[in-house]
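Take a look at the model below. The text that follows walks through it step by step.

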Amino acid sequence: MVSSRLRGLTALALLSPFIVACQPPGGHVAAVATGHFTAGHRFPVVMITWCGEEPPRQIDLLGEEQRRHLVATRAFEGDSIEVDLSAPGEDWRIVDDDGRAVYRMGPDSPQEEYLLGVGTAEAEPGEETEHDIAVLRFTTEALASEQGVYASVSREGEAEYTDPGAFPPAC
């Protein structure tokens with residue numbers, strides 16, 4: 001009986017690297033809420049942290065009409081970055097669903113809900129992207145109503161305001 005338990009534990013120990021390697025990297029994403037009326041008319045700065053070895057390669061910003069994709073132009077070091085969605089800079093290339101370059105980004109309306117998905121892989125234009133780091137749903141109106149950090153609390157992207165010192169939570 002003891003030898004069968006040892007064989008089971010040995011098998012589990014041998015499989016552990018494969019189990020860990022198959023786990024999605026995960027992470028956290030939050031939008032900085034300024035609590036100022038102008039926040040309803042521009043996309044926020046987002047804070048992204050990742051738990052695995054792979055940094056973000058693509059950020060998708062998906063609204064009712066607008067579908068924008070920020071594709072990393074370089075590999076990021078460390079385990080966190082901040083990205084101003086309205087002006088992401090030269091570290092990101094912005095494209096639409098057809099792969100055409102986009103030069104200006106702004107919300108269609110403060111009430112429109114956007115899904116922000118962050119993934120470790122770049123997808124071809126028009127293809128679904130796996131958001132294996134984190135997802136956040138927000139409206140710019142909500143970001144204009146309160147000051148702080150609007151952080152994702154579920155894999156579906158539901159979010160709530162949190163203390164800036166509490167972000168990011170542990171992996």
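A disulfide is a pair of cysteine sulfur atoms within 2.5 Å. A search of the whole structure finds one. The partners are Cys-51 and Cys-171, with sulfur atoms 2.0 Å apart. The torsion about their S-S bond is about -90°, so the disulfide is left-handed. Cys-51 lies in the loop between strand 2 and strand 3, while Cys-171 lies in the segment after strand 10 (159-162), so the bond ties together parts that are 120 residues apart in sequence.

A word on the basis of all this. The model is predicted: local features need pLDDT of at least 70, side-chain atom pairs count only at pLDDT 80 or more, and totals for chains, interfaces and linings use all residues. Residues are numbered from 1 along each chain as its sequence is written, and side-chain values use heavy atoms, with hydrogens and water left out.

Cys-51 has 32% relative accessibility, so Cys-51 counts as partly exposed. Cys-171 has a relative accessible area of 70%, so Cys-171 is exposed.

Now take the chain as a whole. Of its 171 residues, 41% count as buried. The chain exposes about 9900 Å², and carbon and sulfur atoms supply 52% of that area. Accessible areas come from the Shrake-Rupley method with a 1.4 Å probe; for residues, only the protein chains shown count as cover. Contact means heavy atoms within 4.5 Å. Among contacts in the chain with a separation of 6 or more, 60% are between residues 24 or more positions apart.

Next comes the secondary structure. Helices (H or I, at least four residues) and strands (E, at least two) are DSSP runs, numbered from the N terminus. The chain has two helices and ten strands. Read along the sequence, the pattern is α-β-β-β-β-β-β-β-β-α-β-β.

How do strands form a sheet? Strands of a sheet pair through backbone hydrogen bonds, either parallel or antiparallel. In this text, two strands pair if DSSP finds at least two bridges between them.

Strand 1 covers residues 27-34, and six of its eight residues are buried. Strand 1 pairs with strand 2 (residues 45-50) in the antiparallel sense, over five bridges. There, Ala-30 stands opposite Met-47. Five bridges also join strand 1 to strand 9 (residues 147-152), again antiparallel. Val-32 has Val-149 of strand 9 as its bridge partner. Val-149 also stands opposite Thr-162 in strand 10. Strand 9 and strand 10 pair over four bridges, in the antiparallel sense.

How many residues of strand 7 are buried? Six of its six are. Tyr-114, Leu-116 and Val-118 point one way from the strand, and Leu-115, Gly-117 and Gly-119 the other way. Strand 7 (residues 114-119) is joined to strand 3 (residues 58-62) by five bridges, and the two run antiparallel. Gln-58 stands opposite Gly-119. Leu-62 has Leu-115 as its bridge partner. Strand 7 also pairs with strand 8 in the antiparallel sense, over five bridges. In that pairing, Gly-117 stands opposite Val-135.

How values were computed:
Buried means under 20% relative accessible area, exposed over 50%, partly exposed in between (1.4 Å probe, protein chains only).
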